[in-house]
Amino acid sequence: MRPLTLQRLFLRCAVLAAILFVVVVIALKLGAVQVSLYGLGLDLLHVLLRRTTALSSNYDMIVIDIRLPRILLSIVVGASLAVAGTSFQALLRNPLADPYVLGVSSGASLGAILTLIAEPYLAVPLAFAAVATPIGASLGAAATVTAVYFLGRRDGQLDSNTLLLSGIISTSFLSAIIMFLITTLAGRGDLRGMSFWLMGDLSSSLQPSLHWVLGIGFLVATGVIYTTASDLNLLLAGEKEAMHLGVDVRRVRIVVYIAASILTGLAVSVSGAIGYVGLLVPHVMRLIFGSDHRILIPTSAFGGAIAVVIADTLARTIVAPSELPVGAMTALAGAPLFIYLLRRKFA
Amino acid sequence: MPAPTNSAGNPLTASDIRLSVEQVSYAYSANPTQAPLFTLEASSFQARPGEIVAILGPNASGKSTLLKLIAGVQAPLSGRVLLDGFITHSLAPRIRAQRIAMVQQDSPLLFPSRAWEFVLQGRHPYSRSLRFETENDINIARNALAQVGAEHLSDRWMDQISGGEKQRVILARALAQQPLLLLLDEPTLHLDIGSQVGLLDTLRRLAAENRYTVVVVTHELNLAAEYADQIVLLQKGRSLRVGPPSAVYQRELLEQVFQTPLSIESSPSGRPRVTILPGANS
């Protein structure tokens with residue numbers, strides 16, 4: 001018997017954090033403008049000490065001002081999607097569930113678009129404006145997950161195939177609505193392009209206040225999900241089992257659905273619908289670290305961050321000076337892996 | 001909730017009654033406006049620590065429903081189930097799981113886990129949400145595996161052990177909950193006869209040693225007669241007879257309930273033994 005201890009949890013997270021750090025440094029270095037590692041280290045140190053005026057050259061300023069925020073955004077988006085995916089897989093007892101496959105990301109996109117459309121007509125206070133889109137996206141995500149959950153039931157029980165099918169149907173239906181809205185409102189400058197909402201893209205810059213909303217939202221929602229980690233372990237064995245082992249199934253289900261919808265909404269409102277991260281990262285982490293959610297949730301967060309930083313770096317470098325949407329990158333790598341898992345009869 | 005107590009403050013009049021099922025009934029309907037598809041009529045029985053009660057009946061007689069009502073995961077339509085004076089359905093889930101353990105027909109696993117991980121799940125009702133297993137939890141889990149004779153399975157994967165071994169590990173998880181009441185839903189269903197006897201021998205020894213009250217749902221007439229102290233005979237949601245095997249096992253009654261001709265003798269242990277008579281009604 002070797003049960004999980006806090007020490008072993010920290011050790012694993014530390015290893016993943018180190019990998020993430022290396023990936024971030026490489027991502028900062030790669031791009032149209034080359035920088036030396038030494039110069040990069042120096043610049044980062046200056047940024048940390050808040051002495052941005054001491055940066056060695058204008059090029060370096062570009063690296064710090066443009067690449068660093070984009071990488072930080074990739075980290076939060078990747079971690080959010082991976083944690084949301086882990087939660088949906090446990091709650092729906094379906095190893096192939098994730099925000100994108102279930103149509104939750106599309107629901108969040110639609111929620112965000114509708115909020116952007118409605119915003120000028122509503123008297124939204126300025127302080128509230130920054131969080132309006134993430135909230136709209138979260139509501140869209142929550143509505144979609146509820147719909148898919150009920151569509152995926154058969155004879156009062158969740159059916160794995162029906163669930164995935166209703167996810168696919170929701171995705172195509174919601175995508176059609178998104179296309180309709182964006183086409184009819186093409187003149188509006190504040191609505192980003194179709195590919196952003198359907199494929200996912202990290203290239204657009206954000207208001208600084210949104211960074212804080214994202215970071216805090218991610219930490220709170222993930223923290224809430226983490227408090228239910230051992231309940232989720234038991235839910236995997238079935239709701240009846242969990243009930244007999246003292247899990248308040250209804251409460252856990254509601255809390256985790258809401259938190260996972262918020263995570264999806266946050267990620268989608270700033271990056272559009274990036275697929276496969278929430279599906280594959282938890283799988284890989286499960287293969288490496290086992291299926292205990294006390295370790296799976298934090299390691300998936302790190303894994304998601306690493307995956308999206310790598311994907312976005314590839315997306316902006318392999319066809320430079322053009323750029324691919326990051327969602328195309330994750331789909332290129334993710335779809336074959338998804339099929340492989342399907343064939344392994346994991347479901 | 002206030003438990004019914006006598007003047008000395010002890011729950012109920014007979015202080016050694018642990019489980020008291022009092023006139024519980026249940027109705028299941030897919031649609032509230034329609035007549036219920038299934039009803040369980042008022043059933044009652046009582047059990048002491050160390051006692052094994054078998055809920056016996058053919059398929060669709062309401063055995064598993066009665067067990068769920070006893071477990072407190074479902075609210076009865078009327079009546080109540082008291083465990084040491086507390087209504088089981090009103091207990092908080094965590095507290096309930098500290099007192100009542102359930103072994104279900106099968107425990108499907110979505111992702112593989114090792115036997116010791118599985119048994120440690122039984123400690124869940126005792127842990128706080130962000131706490132890791134303590135030395136004490138590990139000792140209890142190890143002890144539970146030893147009590148069912150499955151220490152050697154500790155590091156094996158749950159999906160790679162035999163049905164009989166798996167059933168022992170599931171029982172060990174229930175023991176790790178340190179319950180007062182142990183409920184088992186058809187625990188011998190997919191087991192060969194050797195594993196069935198082995199499991200029930202273990203169960204009888206544990207009930208005697210640890211003073212569990214055990215309620216087993218089964219349709220195995222002979223195993224119930226051999227191992228149970230009390231039989232609750234159900235047919236189509238009606239509790240026909242409650243009592244020791246010798247009182248319940250009457251030929252006409254069992255023939256009518258199980259819809260098959262049979263004869264009843266006495267086994268070497270002095271308990272009734274049922275022999276089916278194939279072809280007698282064709």
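What pLDDT does chain B average? Chain B averages 86, and 90% of its residues score at least 70. Here pLDDT is the predictor's confidence in each residue, from 0 to 100. This is a predicted model: local features need pLDDT of at least 70, side-chain atom pairs count only at pLDDT 80 or more, and totals for chains, interfaces and linings use all residues. Residues are numbered from 1 along each chain as its sequence is written, while chains are lettered from A and ligands numbered from 1 in the order in which they are written.

The model scores ipTM 0.82 and pTM 0.85. One stretch of chain B calls for care. Over residues 1-13 of chain B, pLDDT stays under 50. The model has 19 contacts beyond four places in sequence for that stretch. Where pLDDT is low, predicted coordinates should not be read in detail.

Now to the place where the chains meet. On chain B, 27 residues are in contact with 24 residues of chain A. Two residues are in contact if their C-beta atoms, placed from the backbone, lie within 7 Å. Three elements of chain B give two or more residues to the side that touches chain A: α2 (93-99), α3 (115-120) and α4 (135-147). The largest share, four residues, comes from α2(B). Helices (H or I, at least four residues) are DSSP runs, numbered from the N terminus. By class, this side of chain B has 15 nonpolar, eight polar and four charged residues. Ala, Val, Leu, Ile, Met, Phe, Trp, Tyr, Cys and Pro count as nonpolar, Asp, Glu, Lys and Arg as charged, and the others, Gly among them, as polar.

Turn next to helix packing in chain A. Helices α8 (residues 208-227) and α11 (residues 249-271) of chain A pack at about 155°, with their axes 9 Å apart. Axes are lines fitted to C-alpha atoms, for helices over the stretch in contact, and angles run from 0 to 180 degrees between N-to-C directions. α8(A) and α11(A) are therefore roughly antiparallel (an angle over 145 degrees). Among the residues that meet are A:L210, A:L214 and A:F218 in α8(A), and A:V255, A:A259 and A:L266 in α11(A). This contact has 14 nonpolar, one polar and no charged residues.

A second pair is α12 (residues 277-289) and α13 (residues 293-317) of chain A. Their axes come within 9 Å and cross at roughly 125°. That makes α12(A) oblique to α13(A).

Note on methods. Parallel < 35°, antiparallel > 145°, perpendicular 65-115°, else oblique.
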